[in-house]
Amino acid sequence: MALRNIVKDGDPVLLKKSREVQKFDQRLHTLLDDMQETLYESGGVGLAGVQVGVLRRIAVIDVGEGLIEFINPKIIEKKGTHQVVEGCLSFPDQYGIVERPVYVKTEYFDRFGKKHIVEGEDLFAQAMCHEFDHMDGVVFKSKVLRMLRPEELQQRREE
Ligand code: CO
């Protein structure tokens, strides 16, 4: 495994749409392994292909319940909305309030091309929406209702 560089704010690749994965081969597995290592090293909860400069519809997410690799995901159901604090590994130290569904159901493929369905609530639902947005070239800052000031962030961390 190897660490990949995370693309940062201002890089136009973040606004590009990713293409579907066609081949579930060793090259894909290596990329997913590298993304997993990069995610854990960074301390984030999710990382999409575009964030390591690969315009493929893939993401890794771990909200503390184990890693899931999402390939060609599609949200097939959403319920509720709430306003939540959000950040992104490509936007270090920037956080804002975003409106996200409370619940989502997603259909996706694993690294071997097998189809799965997963349901998620709260942070997991938020992470899926955030990472899948990346696949369409959408960054959280384009959806932010209001950015948080550093002192507000500090306050929220202490709560
Ligand atoms: Co992000």
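I searched the whole structure, a predicted model, for salt bridges and found 14.

**Lys17 and Asp136.** I noted Lys17 as exposed, because its relative accessibility is 56%. Asp136, at 34%, counts as partly exposed.

**Glu77 and Lys105.** I then examined Glu77, which forms a salt bridge with Lys105; the closest N and O atoms are 3.7 Å apart. This pair links strand β3 (residues 68-79), which holds Glu77, to strand β6 (residues 103-109), which holds Lys105, across 28 residues. I recorded Glu77 as partly exposed at 29% relative accessibility, and Lys105 as partly exposed at 22%.

**Glu152 and Arg149.** In this salt bridge the closest N and O atoms lie 3.8 Å apart. Glu152 counts as buried because its relative accessibility, 13%, is under 20%. Arg149 is partly exposed at 46%.

**Network.** I also found Glu86, Arg100, Asp133 and Lys143 linked in a network of salt bridges.

**Cobalt site.** Which residues coordinate the cobalt ion? I read the donors as Cys88 (SG), His130 (NE2) and His134 (NE2), at 2.0 to 2.2 Å. Cys88 is in strand β4 (residues 82-88) and His134 in helix α2 (residues 122-135), a pair that links distant parts of the chain, 46 residues apart. I noted the donor spacing in sequence as C-x41-H-x3-H. Cys88 and His134 are both buried.

Technical notes: Residues numbered from 1 in each chain as written. Predicted model: local features only at pLDDT ≥ 70, side-chain atom pairs only at ≥ 80, totals over all residues. Heavy atoms only, no water. Donors = N, O, S within 2.8 Å, 3.2 Å for Na, K, Ca; no water. Helix = DSSP H or I, 4+ residues; strand = E, 2+ residues; numbered from the N terminus. Buried < 20%, exposed > 50% of the residue type's maximum accessible area, 1.4 Å probe, protein only. Salt bridge = Lys/Arg side-chain N within 4 Å of Asp/Glu carboxyl O.
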